[in-house]
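The following note sets out points for a colleague who is reading this structure. The points move from the overall fold to individual residues.

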Amino acid sequence: MGSIRDQELHRACAVLKVPLQQLKILDHPNLQDGFGQLWSHDLLTEIIEEEVTNHYIHTIITFDNYGVWGHCNHRDVHRGVLKFLQTNSGRNVKAWELVSLNIFRKYCGPVDIWLSILSAKRHPSKVIIINKQPWKSFKAMAQHLSQWVWFRKLFVLFSSYTYVNTLDRINPESNELL
């Protein structure tokens, strides 16, 4: 479904007003989506290093070690970023990870804005991002017609991630690669 997903992503970027020159779709034979499809952390590190160098990137946002939903590809991306940070400590690149929430908080919708703010007050390394236009997220996700089934519509409506996201600064020295 690569070409379909490619078109869907382009349409979602149009809704979100993301310039297409900032979009890169990577179709690598060793990085195919799916549970049970483990991705090489070394390969991910190489790709990240190339993108950081070519585009003068100073900030990376990725998944945390759990991968929000426990998805193995999300965890692999986190580990690739972590390995990049550990092997490129001389670069001035900061990285943040999206904090995975427990099941209650994942589905409490906009109520989680307050819970996230309270939680972040106790942890100075965390940053809260509030989505001021959650309807735009719904409209952008609706562009992914191949995945826009009833339960994803409910997910986007009730998911806390639609309304607020907590990012935690990654400290590469205090993380171990698994």
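1. The model is predicted. The chain has 178 residues, and its radius of gyration is 17 Å; a compact globule with this number of residues would have a value near 16 Å, so the chain agrees with that expectation. Taken along the principal axes, the box filled by the C-alpha atoms is roughly 45 × 40 × 30 Å.

2. Secondary structure. The chain contains eight helices and four strands. Along the sequence these elements follow the order α-α-β-α-α-β-α-α-β-α-α-β.

3. Burial, surface and contacts. Of the 178 residues in the chain, 37% are buried. Where contacts link residues at least 6 apart in sequence, 73% of them join residues at least 24 apart.

4. Strand pairing around β2. Strand β1 (residues 59–63) pairs with β2 in the parallel sense, over five bridges. Within this part of the structure, Thr-59 stands opposite Lys-94 in β2. Strand β4 (residues 164–169) also pairs with β2, here in the antiparallel sense and over three bridges. Trp-96 stands opposite Arg-169 in β4. Strand β2 (residues 94–98) is largely enclosed by the rest of the structure, because four of its five residues are buried.

5. Nonpolar cores. Which residues make up the largest nonpolar core? This core has 10 residues in all: Ile-48, Val-52, Ile-60, Val-81, Leu-82, Phe-84, Leu-85, Val-93, Ala-95 and Ile-170. Two or more of these residues come from each of α2 (41–55) and α4. The most is given by α4, with four residues. Another core, of six residues, lies apart from this one, and includes Trp-96, Leu-101, Tyr-161 and Leu-167.

6. His-78. This residue lies in helix α4 (residues 72–87). Is His-78 buried or exposed? Its relative accessibility is 2%, under the 20% limit, and His-78 therefore counts as buried. A polar atom of the His-78 side chain lies 2.8 Å from the backbone oxygen of Phe-63. Leaving out residues up to four places away in sequence, His-78 touches Thr-62, Phe-63, Asp-64, Asn-65, Glu-97 and Ile-170.

7. Glu-8. Helix α1 (residues 2–16) holds Glu-8. Glu-8 counts as buried because its relative accessibility is 2%. What does the side chain of Glu-8 reach? The side chain of Glu-8 comes to 3.2 Å from the backbone nitrogen of Leu-145, and to 2.7 Å from the backbone nitrogen of Ser-146. When residues up to four places away in sequence are not counted, Glu-8 touches Gln-143, His-144, Leu-145, Ser-146 and Gln-147.

8. Ala-12. Helix α1 also holds Ala-12. Ala-12 has a relative accessible area of 5% and is buried. Apart from neighbours within four places in sequence, Ala-12 is in contact with Ala-140, Gln-143 and His-144. Gln-143 and His-144 are likewise among the residues that Glu-8 touches. Between Ala-12 and Val-99 there are 87 residues of separation in sequence, and their C-alpha atoms are 23 Å apart in space.

9. Most residues other than glycine have a negative phi. Which loop holds Lys-17? Lys-17 is found in the loop between α1 and α2, and its phi is positive, near 60°. With a relative accessible area of 67%, Lys-17 is exposed. Tyr-56, in the loop between α2 and β1, has a positive phi of about 50° and is not a glycine. Tyr-56 counts as exposed, at 67% relative accessibility.

Terms used
Residues are numbered from 1 along each chain as its sequence is written. This is a predicted model: local features need pLDDT of at least 70, side-chain atom pairs count only at pLDDT 80 or more; totals for chains, interfaces and linings use all residues. Side-chain values use heavy atoms; hydrogens and water are left out. Buried means under 20% relative accessible area, exposed over 50%, partly exposed in between (1.4 Å probe, protein chains only). A polar contact is a pair of N or O atoms within 3.5 Å; within protein, one must be able to donate a hydrogen and the other to accept it, and residues adjacent in sequence count only if both atoms are side-chain atoms. Contact means heavy atoms within 4.5 Å. A nonpolar core is a set of buried Ala, Val, Leu, Ile, Met, Phe, Trp, Tyr and Cys residues joined through side-chain atoms within 4.5 Å. The radius of gyration is taken over C-alpha atoms; the globule rule is 2.2 Å times the number of residues to the power 0.38. Two strands pair if DSSP finds at least two bridges between them.
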